[in-house]
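Good morning, colleagues. May I ask you to look at the structure with me for a few minutes?

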Amino acid sequence: MGLRSRLAHLAKTGEVPVFAVVGGGYRSAIHRLRLAEGIHVVASPRHAAVLLIAGTLTETATESVKHVHDQMAGPRVTVGWGHPEPTVVPMRVQVTGDVSEVAAVIRREFHDVVTGAIPPEAPLLPDVDAVEWRGVGPYGHGGTGMTGGTPYGRPLPLRAPDRDGLELDQLPVAVGPWFSGFPPGLVLRVSLQGDVVQEVEVVSTDLVAAGPAGVFAQALQEPRLIRDLEMARARHHLEWMADALLIAGVDRVAVRAERLAVAIGPGDVDPVERLMRAVRRSLLRPMTLRKVGVLAPDVQVTGLGPVARAAELPDDRRTSEQGYRDIGFRPVTQTAGDAWARFTQRAAEAAQAVGLAGRAGDRRAFGNGEVEAPDGLHRVGEPSPADTVISMLDTILTGMEWGDLVTMVHSLDIDMESVSVGNPAV
Amino acid sequence: MTALGILTQVTLMLVGGAYVLAVADRLMGGSSTGVRSALSYPVRRLSFLFLQPMSTTERPDFAVWILAPALLAALAAVGAVAVPIAGPSPGGDIAAGLVLFGAAMLVVLVAVFMFGWAPNSVFPMIGGFRFAAMVLSIGIPFSLVVLTTAIPAESLSVGVIVEAQSDLWFVLVQPLGLVIYLITAAAIAFWGPFDLPEGSDLAGGIVAESSGARLAMWRFGRAALMVTVSLMGQAVFLGGYLGPVLPGWLWTLVKTAVLLILLALTGRTMARMRIQRFVWFGWVVLLPLALVDVFLSGWLAL
Amino acid sequence: MGGIGAALVLFVASLIAIGVIQWVWAVTGERELTVPERVPFAGGAEPEFHAWNRFHIRYYAMALLFLAFDMEMVFMYPWAVVFIREGLLALIEMLMFILILVVGMVYAWREKSFEWA
């Protein structure tokens, strides 16, 4: 025990690896948690000691949350943030306060579980095989013949023709809902041949419950201050940029984007432009985004906001609002329509938004059942932009290399909280 | 120098270099931690990893999973032996040091692939296969630019190559060589912006299923690999232990640390290259440039 | 016992040391992991199949090109040592050899062997 307690003494004040399950209303909060001292949000539960369940989840999410809980290597502890249903998964502590409070609780729980002051959590799922395989088959390993049966509990991959007409192995695998490259709650079943995706199917979209109505949702019913709308838009785009930079591995610039999303105020156009210069220096365009994720011309992007405008479609409901026309609003567009165009489009819209917020005074806009939100046009009683994107994911993602697929999915900015397709909760 | 002496020297070099790299990487990460906490970061991190149990998957290849981190560190150690650290060493210097180094570095492909294959999980596996594509694309330019330094020295011994720089460091004759070397070396050590097998688009890729002592050993192996490529880089391009006033071993340490910090900086500030662009970049950009470097340096050496 | 001997000793010693560290930590682990704890991670969804498969390496044409260039590297190691002694002749000979290989690279580029999706 001597070595163990010595290691615990050194580790207890170290950075806490946190795996975050992000439910309704907490996407933005996780961005602020990333900036908290002593917290490191990790991509795999194997690296984590604390499971953070933030915001509201539906019953459908239970199984997957229990899976990531059990996949944590331990010593592990679960912390809830906001009002996650305790029925989904038991939590040691539930915090309702702001980011500094939850960060303090996470550090404390980590300290306690590492030093042994509290026992590490036991697995949540029962210790039974998914498929009966022990003792089955000629060698008792569940297999029959070369590739048949379920050796060690799972069958071997299927075979399917590739695009050159060869019969090759094809591995169907469900990715998500808590895979850090996808929006929280999205589960895609992809069929992989090598690293190329041959088929895509959206499995479930109803794991994340909608959070409290934000300023854009409120603007569907009644006019809201343009200043508030545009600041929310700028923050949304900056957080989106931070995620894109994290996916591309530019951690240093991603942190700048996260900080700016917190600190930005009306009229702060310069900081956004400085951030964009750092992004250009990181070679994000030539290394990662250029010519990736161009949509075929027959894909309908109307109503998808920045995605449409990045492909030269000046489609923006703000042009028909008097309040916006008064302060000289004109939609910005890009020409290329690739992932880089979507990045620059959102950066340009963030800069434009803080400019508009600075000039808006007390003008108000919307309130007529139509709102141009950061992810596109929302209309009362109509499918949301996320619905539109979800319904076309299978066609637009087929044939992509895995890394490009992740870039593409993120560049479409899918807000799972506003998905109603196949979602009885909404 | 005795085998035991070399063993001690290389171990100290790799462990010390790994610490420097971990601290530098921490400082470049962008979070607002101060220098003091960055200095203690590697120790705290390592302590946590050794507290954490090692996770396994349903049906992994255990032997390969344990062997892969060991192989990675062993290859880094072998590569480092080829470089004289303190000064000319008639007994210890390996006659074909460049060949040994080049061979060890290309076998890193096997270690990384093993680590990706072993857990029987989809993200690590894609990571492993990605790395195969990477090494096949930049293996040739990497070997070429290292080899180019042997032309003016007329020897494959790293000690002789260092001595040949007593008038002029090779970086001044072959600046293009050092640039290509650093790019390809970062790729071989799967360091940013070429950390494709560990990419965030794969939730950590080859390390996504690893925790505890296994992850700690893998991280050490990767850091040791970075130290080895920096050590070789400073020996063949920056004059190794040659330098005024200070003793030779100190010059080696300083120059290695400079290259390590440079690599740490670029790793966190540049975007990860997508795999197909990387393959194109290796063959269509780096390979012709490396060939130009070889023939230009050859022409100048005549 | 020269440098190569030291390299060999180091190789074996590192292999054993790092293998043993992991082995010790594995056998002193607190308990056997449960079945769900061992499920491979893909975001929380349960996998249907083993991940091991005959991975479709779509860059195989590039891998073949690598073989050709790797053989050239074998010739270049001794060539680099004797280069200055042999002079211009060595330069021209190797240039011819390499140019032929580069034609292969350009052909592979034209045939789009460096992209696969």
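I shall speak about a sheet and then about a pair of helices.

This is a predicted model, in which local features need pLDDT of at least 70, side-chain atom pairs count only at pLDDT 80 or more, and totals for chains, interfaces and linings use all residues. Residues are numbered from 1 along each chain as its sequence is written, while chains are lettered from A and ligands numbered from 1 in the order in which they are written.

Helices (H or I, at least four residues) and strands (E, at least two) are DSSP runs, numbered from the N terminus. In chain A, five strands form an open sheet with parallel pairing, in the order β2-β1-β3-β4-β5; two strands pair if DSSP finds at least two bridges between them. At the edges stand β2 (39-41) and β5 (93-95) of chain A, each with a single partner strand, so one side of each has no neighbour in the sheet. From one strand to the next, the twist averages 30°. Strand β1 (residues 16-22) of chain A is joined to β2(A) by three bridges, and A:Val16 stands opposite A:Ile39 in β2(A).

Let us turn to the helices. Helix α6 (residues 226-247) and helix α7 (residues 251-263), both of chain A, pack with axes 8 Å apart, at an angle of about 165°. Axes are lines fitted to C-alpha atoms, for helices over the stretch in contact, and angles run from 0 to 180 degrees between N-to-C directions. α6(A) and α7(A) are therefore roughly antiparallel, a term for angles over 145 degrees.

Key:
Parallel < 35°, antiparallel > 145°, perpendicular 65-115°, else oblique.
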